[in-house]
Amino acid sequence: DPDGRLATVLPPGTYDVFVEPEDAARTLGKARQSVTVRGASAEVELRVRPKGRVSGRVRLSDGRPLANAQLEWSPSAAKRPTTGLTPRPARTSTDDLGAFSVPLDEGEYDLAVSPEPLTGFPRRGSRGRPGGPNDATLEDVVVFAPTRLAWTIKDPGGLAPIVRAVVRAFGYVASEAAYVEVGSALTDTTGSFEMLVGPLPK
């Protein structure tokens, strides 16, 4: 009820009680508590801890802050929670300095960083990010800043532009002993193109 009280009927025994605050209580975390019922009636106090606040910064590999990026925190698919409580997903965004702060349930999260549309920056994902129960500051999350290539292609005489030509860029990956494509573009009516070249796979 509005006072946080509830009543139920249970046979004698020991129970694991799970508490999940409604979504409106965004600062409160989940809770699990063992309760033993003896006799005709009992009064038990269930305690819910605040979420831990996780803060950090998202920057580009050249050092610039990544502003207005969307951060999605999803329960880790690789690690099950030891408490039996699956953390709830969360969303936040970075400010003009690339900083963020978000309250999270206790547990492991997968983090996805989506840069602002039309920036040309790639989406970044990482696993095993901790959340709650204590406040924490993460190391900088780094998003690769692609290299911009812009040229104009003309015929051998250097006069007529080559229109709608497919331009592809390749890089050599030593570990694979092979070339892999790192970017592609299409020339416009003036024979010009712009390409954002991503990092080589490791």
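How do the residues of the lining of the second largest pocket divide into nonpolar, polar and charged? I began my notebook with this point and record the answer under the second pocket below. The model I examined is a predicted one.

**Entry: the largest pocket.** I looked up the volume of the largest pocket and found about 970 Å³ of space in it. Its lining is made of 25 residues, and L6, A7, T8, V44 and L46 are the closest to its centre. I then asked which elements give two or more residues to this lining, and noted strand 1 and strand 2. Strand 1 gives the most, with 3 residues. By class, I recorded 16 nonpolar, 4 polar and 5 charged residues in the lining of the largest pocket.

**Entry: the second largest pocket.** I noted a volume of about 270 Å³ for the second largest pocket. It is lined by 17 residues, of which K30, A31, R49, L85 and E106 are the closest to its centre. To settle the opening question, I recorded that this lining divides into 6 nonpolar, 4 polar and 7 charged residues.

**Entry: S114.** I located S114 in strand 7, which covers residues 107-114. Is S114 buried or exposed? I class S114 as buried because its relative accessible area is 19%, and the cut-off for buried is under 20%. Beyond its neighbours within four places in sequence, S114 is in contact with A69, Q70 and R123.

**Entry: E22.** I found E22 in the loop between strand 1 (13-19) and strand 2 (31-37). E22 has a relative accessible area of 59%, so I class E22 as exposed. I also looked up E22 against E194: the two are 172 residues apart in sequence and 49 Å apart in space, C-alpha to C-alpha.

Definitions and conventions:
Residues numbered from 1 in each chain as written. Predicted model: local features only at pLDDT ≥ 70, side-chain atom pairs only at ≥ 80, totals over all residues. Heavy atoms only, no water. Helix = DSSP H or I, 4+ residues; strand = E, 2+ residues; numbered from the N terminus. Buried < 20%, exposed > 50% of the residue type's maximum accessible area, 1.4 Å probe, protein only. Contact = heavy atoms within 4.5 Å. 1 Å grid on protein atoms, 1.4 Å probe; cavity = no way out; pocket = protein on both sides within 12 Å on 5 of 7 lines; lining within 4 Å. Points joined across faces, edges and corners; volume = space filled by probe spheres on them. Nonpolar A, V, L, I, M, F, W, Y, C, P; charged D, E, K, R; others polar.
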